[in-house]
Amino acid sequence: MSAVAPLLRVEGVSKSFRGLLALNDVSFDVVERGIAALIGPNGAGKTTLFNVIAGVFPPDSGHVRLGEADITGERPDRICHAGIGRTFQIVKPFAQMTVLENVTVAALHGAGTVAEATQSARGFLEMLELDTRAAQHAANLTLPDRKRLEVARALATGPRLLLLDEVMAGLRPSETDRMVATLRRLRDDTGLTILLIEHVMRAVMALSEHITVLHHGEKISEGTPETIVRDPAVLECYLGDQDL
Amino acid sequence: MDFWTLANAVASGLLIGLVYGLSALGLSVIFGVIRIVNFAHGEIMVMGMFFALLMFRWLGLDPLLSVPLAAALMFGFGYVLQLAVVSRVSHLPEHMQFLLLAAIAIMIVSALLLVFGPDAQGVEVDYAWDSFAVGELIIDYPKMFAAIGAIVVASLLLAFFKYTTTGKAIRACADNRMGAQVVGLNVSRLYALTFGIGAACLGAAGAIILLLFEAHPYLAPGYTLLAFVIVIIGGLGSLFGALVGGILIGVSEALAAVLFQPSMKTAFSFALLILVLLLRPQGLLGKAVR
Amino acid sequence: MTAVRRFFGPLSPAGLWLGGAFLLLLLLLPWWGGSYIMTVATTVFYLALVGQSWNLMLGFAGLLSIGHALFVGIGAYTAAYLFAAVGLPPAVGVLPAIGLAVLMGLLIGYLGFRFAIGGVYFALLTIAFAEFVRVVIDHVSWLGATEGFFLKVSEADRHGIDLANLRGAPEMYYYLIMALALGALVLCRYLLRSRLGYYWQAIRDDAGAAEALGVNVLRYKMYAVAISSGMAGVAGVFYAFYQNSLFPEIVFNIERSIEATLGSIVGGVGTLFGPIFGTFILTPLGEIVTEAIDLLKHWHVIDPETKLDGLKLLIWGFIVVLIVLFKPKGLWPWVCVRLRLTRPEAEG
């Protein structure tokens with residue numbers, strides 16, 4: 001695995017809000033075509049890190065690189081064009097648009113016409129098992145469907161790297177398994193790289209090849225799933241936590 | 001243009017600016033807590049003016065003595081408005097709330113027009129033309145009393161937010177609505193209180209400003225706009241910023257009147273607004289977002 | 001026929017027939033309506049055009065303008081001045097009129113959106129600029145200042161058709177504004193289905209998510225402002241040559257801006273037909289109220305001396321309050337469902 005070049009490099013990223021240190025000198029790599037996970041207790045800084053990578057706000061210090069390009073502090077739309085698609089933990093559907101239109105918006109960037117974008121959007125809806133909901137307004141979706149919509153939209157932007165923020169939360173175990181299978185198939189078929197934040201350990205363990213553990217904004221451990229579950233530091237921070 | 005002419009303009013602008021500041025405070029309080037831009041701002045203030053006018057006509061009450069009454073009346077109006085109407089649209093997008101208040105504003109102006117007619121009507125107090133001099137600086141009594149009134153009401157308000165339990169609870173609400181609910185604060189009551197307090201500021205400001213200007217219904221949109229300009233300059237949601245912005249606008253209007261023409265004074269305020277937005281978009285005393 | 005049905009929406013057959021019949025009635029209006037009805041109908045289409053422009057900003061892109069009279073007024077003054085000063089016919093003058101209105105829109109947009117502080121700023125700026133421009137024109141003597149700016153009309157101008165100079169019979173103005181309003185409707189439908197429309201609606205619903213999906217939010221907001229203010233500028237040119245007199249006090253009055261919003265709010269913000277439907281209800285309603293009051297005064301039910309200046313606006317305000325409280329999506333989607341004008345889920 002060490003032979004593969006990293007697609008995403010997070011280098012010494014720090015970020016504080018009103019003097020509160022949310023991320024402290026966090027570094028890690030995600031290899032091309034890899035599936036990596038970011039875990040840690042609530043408030044560990046995982047979503048903050050996603051927001052820094054996706055350009056919602058710039059880090060106070062440190063760098064984010066995608067392939068050769070330094071994307072630190074770029075605007076979110078530019079980062080999307082650079083090849084990072086993301087979902088939001090608190091889902092943000094375009095409520096008054098239909099499900100199909102939601103995904104079409106995302107597909108428009110890579111498409112010449114609206115018709116082309118709509119066509120490709122239908123494909124992503126099918127992939128995420130949302131095709132029966134295509135004509136519904138996004139406001140009327142259930143939470144699991146909204147999570148799927150987030151994934152479909154992020155995929156429709158044609159990313160090289162997909163950032164998934166707790167997309168399995170609220171799914172039933174069988175649905176989780178299907179989502180895991182979909183994501184793995186995507187990686188295998190299209191060479192997509194995936195970085196996910198997840199509390200559902202069943203999914204994390206099944207999917208990820210590499211795990212980074214954050215706690216209080218610091219990286220406390222990283223490695224393969226097998227090494228992570230045996231790491232005393234990880235066990236300590238999760239002690240009493242139902243998830244593990 | 002000699003020094004004393006300018007100094008007189010600055011002094012008079014400063015005094016009027018304090019009243020403007022008090023009015024803008026009413027807007028800022030409501031926005032800071034409920035996150036609603038009160039489009040009926042000037043209208044509530046003009047209601048205060050007409051109330052003080054009636055008190056003067058019926059009871060011969062000096063507008064300054066009407067201040068507590070006008071404040072109390074408008075408090076009730078604001079309280080009921082928030083509880084019965086505005087709170088019902090809190091789930092709607094921002095612009096719908098805005099439009100609702102704009103519609104209420106139109107209704108208030110039209111109602112005032114129906115009741116009082118379109119003509120300007122003022123009061124004449126005994127000291128209307130009295131003044132005193134400090135060197136060549138001439139201070140009119142009405143302006144000075146108006147400024148003192150504004151300072152007293154504004155201080156009471158700031159003290160209320162700083163020292164009373166209810167004031168602190170409202171501030172907690174402004175910082176974190178969910179948190180306030182979690183610790184058991186009755187948010188909808190606090191919101192109604194806040195709207196009431198904001199409206200009370202306006203009632204007071206209206207009664208006070210009747211000392212200086214004649215009342216008529218079409219003043220209202222102008223006052224609304226003026227308050228918008230002031231709070232954007234001072235910083236949306238900053239209470240102290242509203243006062244500073246008010247003084248700044250008062251002085252700039254007065255200077256514009258002596259340096260150019262009185263009718264150009266609003267253009268001056270807008271120029272100031274654009275300048276602030278270009279250089280410091282969060283307002284002079286506002287906190288930067290992000 | 002099916003193409004028309006699909007273009008607008010998808011209209012149901014009933015919707016198409018009803019719409020077609022209504023359109024025919026309006027096309028033949030000069031033959032069945034008197035001059036009073038013509039005037040009202042011209043106003044209706046004029047307000048529908050301004051409303052369509054306003055709705056494009058708020059309903060499509062989520063940008064609230066409460067100073068829309070500004071863009072109308074700039075268009076009006078530009079074309080009127082060029083016509084009076086250098087004899088430029090309005091058919092050409094409409095271009096600089098659009099240009100200036102768009103520039104003003106972009107300036108406000110730039111100031112309001114640059115720091116992403118929130119929608120409130122943009123709204124406040126539109127109204128602030130409307131006031132600012134009014135005060136400035138109050139002091140510009142070559143634009144007539146407060147005394148007003150007048151366009152010469154001769155008696156001969158009131159007959160015939162001179163579209164280039166916008167001089168002619170009332171029927172010409174009626175058909176022109178009707179064509180402009182319907183043109184705006186078609187343009188909006190087209191835009192809504194284009195990349196722009198998709199991006200605007202995404203920004204309206206969630207700017208953060210739109211940005212994450214690669215939409216340059218600032219740029220597309222600016223496009224919305226530019227197109228909307230340009231449309232309003234066109235309406236302004238019509239206004240100038242229809243009224244032939246411009247007063248800053250009237251043109252830039254906040255009431256004009258409010259008027260621009262009312263039809264869309266009543267009809268349904270964000271819907272295609274909402275603005276035009278809303279004005280078709282409101283404007284005649286306003287006229288009926290005025291007529292009713294006159295009648296009541298005539299019959300001495302009300303003392304003829306009573307001044308009821310504010311009553312019309314009071315009723316308008318009340319209607320808006322009711323709509324916002326009880327039908328925040330407007331009447332058009334509701335009517336659509338009731339009369340089965342469109343297929344389900346097509347509007348609203």
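**Notes on a predicted three-chain model**

1. Start with chain A, where strand β9 (residues 210–215) and β10 run antiparallel to each other and pair over five bridges. Strands here are DSSP E runs of at least two residues and helices are H or I runs of at least four, numbered from the N terminus; strands pair if DSSP finds at least two bridges between them. L214(A) has K219(A), in β10(A), as its bridge partner.

2. A word on the basis: this is a predicted model, with local features needing pLDDT of at least 70 and side-chain atom pairs pLDDT 80 or more, while totals for chains, interfaces and linings use all residues. Residues count from 1 along each chain as its sequence is written, and chains are lettered from A and ligands numbered from 1 in the order written.

3. Back to chain A: its open, mixed sheet has six strands, in the order β6-β7-β8-β3-β9-β10. At the edges sit β6 (84–86) and β10 (218–223) of chain A, each pairing on one side only.

4. Over in chain B, look at helices α2 (residues 41–59) and α3 (residues 63–84): they pack at about 135°, axes 9 Å apart. Axes are lines fitted to C-alpha atoms over the stretch in contact, with angles from 0 to 180 degrees between N-to-C directions. Among the residues of α2(B) that meet α3(B) are F51(B) and M55(B).

5. Finally, chain C touches chain A: 19 residues of chain C contact 22 of chain A, a contact being C-beta atoms, placed from the backbone, within 7 Å. On the chain C side, α9(C) gives the most, with six residues.

Technical notes
Two residues are in contact if their C-beta atoms, placed from the backbone, lie within 7 Å.
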